[in-house]
Amino acid sequence: MEKLVIIGTGCSGLTAAIYAARGGHSPLVLEGTHPGGQLSTTTLVENFPGFPEGIDGPDLIYKMKQQAERFGARFEYKTVTQFEQRNGHLAVLADGEWIETKSLIVASGASARYLGLPREQELVGHGLTSCATCDGAFYRNVPVCVIGGGDSAAEEAGFLTRFASKVYLIHRRDSLRASKIMADRVLANPKVEPVWNTVVTEYLTDEGGEMRAVKLQDTVTGAERELEVKCVFVAIGHVPNTQPFRGHLDMDESGYLLPNSPGTSTKIPGVFVAGDAADHVYRQAITASGTGCAAALEAERFLAEHG
Ligand code: NAP
């Protein structure tokens, strides 16, 4: 029987792990399918306090993990697919093995959303991706496009200009949702060409099954055209990774977990939630870390009260 299991190794899970480990609880941290969470696929993080020059996302995650390990957190590369309540304790199914625990922090984050077009999942890895830092370097001196208008799209488009000959930034409206500093920076980049009021309606491939172009539709005029690109980077937000808790924990219609207010506890004693899995409003590294800390403190209090 574990004392505390933490699901997720993004900022929230790792911060929870640091606090819980430092509190002497030796938490078991399950890494999931995307170890390190969203920061592990980002570039420079300029707004995490304490790093005046910025810090690379993967670097920040690596340091947080080291910090948690230093205090005794244990990490396993397992993914949780099911949750159960059993005779006063909790259990999660991770890679086919049930792990029983007295308390649980769900910090499972959110994963990239795709458009939902036909053949989309088949094309991932063949010119379709949601991760510029992972795949950008494969597309040197060729045109690519980014879909989306938020901070992620702005950041990815800027990053891709290091490699691509041209980066089309395709957005369904006529202004970016991204923060002003990031929007201004990306639109000032001569390699970035915004394509306003436009949606992608089809992915077009060559005989080898690799991305060749996208079919575009103007949302104002309805006009259609093709745009030649070798890779499509989708940056249209995220969906929370909360499927195992459906029917057990309260969540909104998009699947974001709804903790008791105020705090990180839920209607199941001993289950706490943190980070993007329970936050569709702020979704920042620092707020994820903040709720990770809060969840660990609440879990510690729960463990003290329940022996
Ligand atoms: P987001 O802010 O939710 O933006 C998603 C974008 O995708 C929006 O522009 C949206 O269009 C568009 N979109 C959504 N569904 C679409 C669809 N089906 N077809 C076409 N376009 C669609 O998501 P995000 O950019 O991933 O950012 C998430 C959070 O992380 C934000 O809080 C952001 O501030 C933060 N973030 C911060 C940084 C940083 O500070 N360095 C970097 C990345 C992300 P509309 O605008 O029309 O809604």
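Predicted model: local features only at pLDDT ≥ 70, side-chain atom pairs only at ≥ 80, totals over all residues.
Residues are numbered from 1 along each chain as its sequence is written, and side-chain values use heavy atoms, with hydrogens and water left out. Local features need pLDDT of at least 70 and side-chain atom pairs count only at pLDDT 80 or more, whereas totals for chains, interfaces and linings use all residues.

Strand S1 spans residues 2-7; strands (E, at least two residues) and helices (H or I, at least four) are DSSP runs, numbered from the N terminus. Five of the six residues of S1 are buried, so this strand is largely enclosed by the rest of the structure. Here buried means under 20% relative accessible area, exposed means over 50%, and partly exposed lies in between (1.4 Å probe, protein chains only). Strand S8 (residues 97-106) runs parallel to S1 and is joined to it by five bridges; two strands pair if DSSP finds at least two bridges between them. S1 also pairs in the parallel sense with strand S2 (residues 28-30), over three bridges. Ile6 stands opposite Ile105 in S8 and opposite Val29 in S2. Together with helix H1 (residues 11-22), S1 and S2 make a right-handed β-α-β unit. A crossover is right-handed if, with the strands pointing away from the viewer, the path from the first strand over the helix to the second runs clockwise.

A pair of aromatic rings is described by the distance of the centres and the angle of the planes. The structure holds five aromatic pairs. Rings of Phe, Tyr and Trp (its six-membered ring) pair if their centres lie within 6.5 Å; planes under 30 degrees apart count as stacked, over 60 as edge-to-face and the rest as tilted. One of the pairs, Phe83 with Phe245, is tilted, at 5.2 Å centre to centre and 45° between the planes. Phe83 belongs to strand S6 (residues 80-86) and Phe245 to the loop between strand S18 (238-240) and strand S19 (271-273), so the pair ties together parts that are 162 residues apart in sequence. Both Phe83 and Phe245 are buried. For Tyr139 and Phe233, the ring centres are 6.3 Å apart and the planes stand at 90°, so this pair is edge-to-face. The pair of Tyr139, in the loop between helix H4 (132-135) and strand S11 (143-147), and Phe233, in strand S17 (residues 231-234), links distant parts of the chain, 94 residues apart. Tyr139 is buried at 16% relative accessible area, and Phe233 counts as buried at 0%.

Charged side chains also lie over rings. A charge sits over a ring if NZ of Lys or CZ of Arg is within 6 Å of the ring centre and within 35 degrees of the ring normal. Lys65 lies over the face of Phe75, 4.9 Å from the ring centre, and Arg86 over that of Trp98, at 4.5 Å.

The structure holds one disulfide, a disulfide being a pair of cysteine sulfur atoms within 2.5 Å. This bond joins Cys131 to Cys134, with 2.0 Å from S to S. The link of Cys131 and Cys134 is right-handed, with 75° about the S-S bond. Cys131 is buried, with a relative accessible area of 6%, whereas Cys134 is partly exposed at 41%. The sulfur of Cys11 has its closest cysteine sulfur in Cys293, 13 Å away and too far for a bond. Cys11 is buried at 6% relative accessible area, and Cys293 counts as buried at 17%.
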